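Welcome! Please take a look at the sequence and the 3D structure below, and then read on for a short tour.

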Amino acid sequence: MIKKSRVAVVGGSIAGCAAALAAHRGGADEITVYERADGRLAARGVGVAVHGVRYAELAAAGFLDADIPWVGLSHRTWYVRDDSAPSPLGRPLTESQFDFRTYNWGPLWRELRTRVPESVDFRTGSAVKQVQLTSRGVELDGEPYDLAIGADGIRSLVRTAACPGVEPEYAGYLAWRGAYPESELPDAHLWPKDQCAYVVFDGGHIVIYRIPDDTGGHRVNWVFYTVPPPGFTLPAEGGRLLTAELAGRLAEITAHQLPPFFRALIEATPERERFVQPLYDFTAPQYATDRLALVGDAATVARPHTGAGAVKALQDATALQSAFVAAGTGSAALAAYGAERTPVGRTMVDLGRSLGRALVQETPDWGSMSRDDLAAFWRRADGSGAFGGSRLPRD
Ligand SMILES: Cc1cc2nc3c(=O)[nH]c(=O)nc-3n(C[C@H](O)[C@H](O)[C@H](O)COP(=O)(O)OP(=O)(O)OC[C@H]3O[C@@H](n4cnc5c(N)ncnc54)[C@H](O)[C@@H]3O)c2cc1C
């Protein structure tokens with residue numbers, strides 16, 4: 001246990017709340033969380049998927065539980081538009097087992113936040129500006145700590161201190177995301193409740209599944225991946241991404257390449273419920289130094305095709321907790337944590353790139369694929385078998 005330690009966590013989102021819990025259970029005396037946002041983090045209202053086996057591991061480790069609202073999926077069906085298909089869902093290409101739980105980001109974060117013990121000093125509206133290593137530990141804006149955990153997302157300041165020069169790399173395409181109330185979707189009963197749909201088209205695909213809403217009902221969450229129009233350049237940090245040009249691109253593909261049911265879903269989702277996310281990847285060459293640890297998106301961002309963004313963050317916290325409990329000193333704990341999680345980050349980035357090539361950048365002729373072709377295609381794309389997150393080591 002890391003008793004008599006002062007630990008700082010930078011960032012109070014999914015990874016930050018879980019890291020604070022890990023430090024508390026690992027024996028830290030004083031824990032401070034710095035979160036730049038004021039008050040509650042504003043949810044983007046879209047979904048997070050967690051593989052069933054990864055859920056069981058994270059529940060056993062105490063980072064997820066059945067009280068957090070979720071929707072169960074059992075199978076995945078791949079659809080392609082075929083105007084002669086009898087169903088508005090399109091022509092199903094194949095179906096396979098898909099054991100996932102889905103969450104709405106907002107309630108998931110809120111539930112994790114309530115599990116952070118009251119003894120933790122959780123400072124909202126508190127942006128860290130400087131991370132300084134000293135002979136005795138680390139200082140955040142002059143305040144001394146034994147260890148600092150960077151849970152500060154893709155543009156992490158803590159990562160800059162731990163691994164200078166590591167920058168996210170744009171993957172060359174985008175995800176348009178949205179969610180729409182199931183109760184307002186015409187013919188929702190045609191689409192099985194426990195199905196994850198992959199609707200594929202030339203140059204991309206959409207992943208669609210239900211998530212809980214805040215009232216006991218469901219929203220239909222969609223993530224639409226494809227390349228932007230030629231000449232597109234990323235706006236500067238904080239710039240608006242849902243431009244008329246990108247909205248037009250989405251509308252054109254939706255009208256010409258999607259089966260009617262999924263077309264209706266995208267077209268019904270109002271603009272205020274949509275956003276565009278450029279895809280990046282990178283992984284820190286080391287998850288920890290003597291005094292600094294990186295968790296969640298601060299450590300690694302893999303493309304969302306991996307279905308493992310939140311899982312990865314929660315697994316990082318699980319590994320950190322085990323390392324704190326097993327080690328006698330903070331530095332020894334961080335060394336063990338870094339050795340366990342650094343290779344996982346690399347695996348997830350490689351998997352995201354492989355799935356991105358297969359599902360967006362070098363798509364096959366979907367319409368001609370048989371069930372066996374698709375099964376072989378998926379085995380090749382998910383070569384590492386880490387889709388949904390890699391397995392946590394057993395104690
Ligand atoms: C408000 C919000 C809504 C999101 N909604 C969704 C969603 O609907 N679906 C989905 O799949 N993913 C969503 N994500 C992303 C998702 O949380 C992450 O990809 C994943 O769960 C890993 O989370 P993370 O905690 O590592 O990083 P993030 O969620 O990016 O959190 C990083 C946190 O660090 C804080 N921070 C950054 N720099 C500083 C600093 N210098 N000082 C103090 N605080 C700092 C940020 O304010 C942020 O809260 C959302 C993220 C945020 C912040």
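## Two domains

Contact here means heavy atoms within 4.5 Å. By that rule, 14 residues of domain 1 are in contact with 13 residues of domain 2. Domain 1 covers 6-43 + 106-168 + 281-354, and domain 2 covers 71-102 + 172-280 + 359-381; these bounds come from an automatic or database domain assignment. Taken over C-alpha atoms, the centres of the two domains are 31 Å apart.

Together the domains bury about 1,100 Å², with 47% of it on carbon and sulfur atoms. Buried area is the accessible area (1.4 Å probe) that two parts lose on being put together, summed over both.

## How to read the model

This is a predicted model, in which local features need pLDDT of at least 70, side-chain atom pairs count only at pLDDT 80 or more, and totals for chains, interfaces and linings use all residues. Residues are numbered from 1 along each chain as its sequence is written, and side-chain values use heavy atoms, with hydrogens and water left out.

## Around the ligand

The ligand is surrounded by 25 residues, each with a heavy atom within 4 Å of it. The closest are Ser-13, Ala-15, Glu-35, Trp-105 and Asp-297. By type, the shell holds 13 nonpolar, six polar and six charged residues, with Gly counted as polar.

Now for the polar contacts (pairs of N or O atoms within 3.5 Å). Glu-35 places a polar side-chain atom 2.6 Å from an oxygen atom of the ligand. Val-128 has a backbone N or O atom 3.0 Å from a ligand nitrogen atom.

Key: A polar contact is a pair of N or O atoms within 3.5 Å; within protein, one must be able to donate a hydrogen and the other to accept it, and residues adjacent in sequence count only if both atoms are side-chain atoms.
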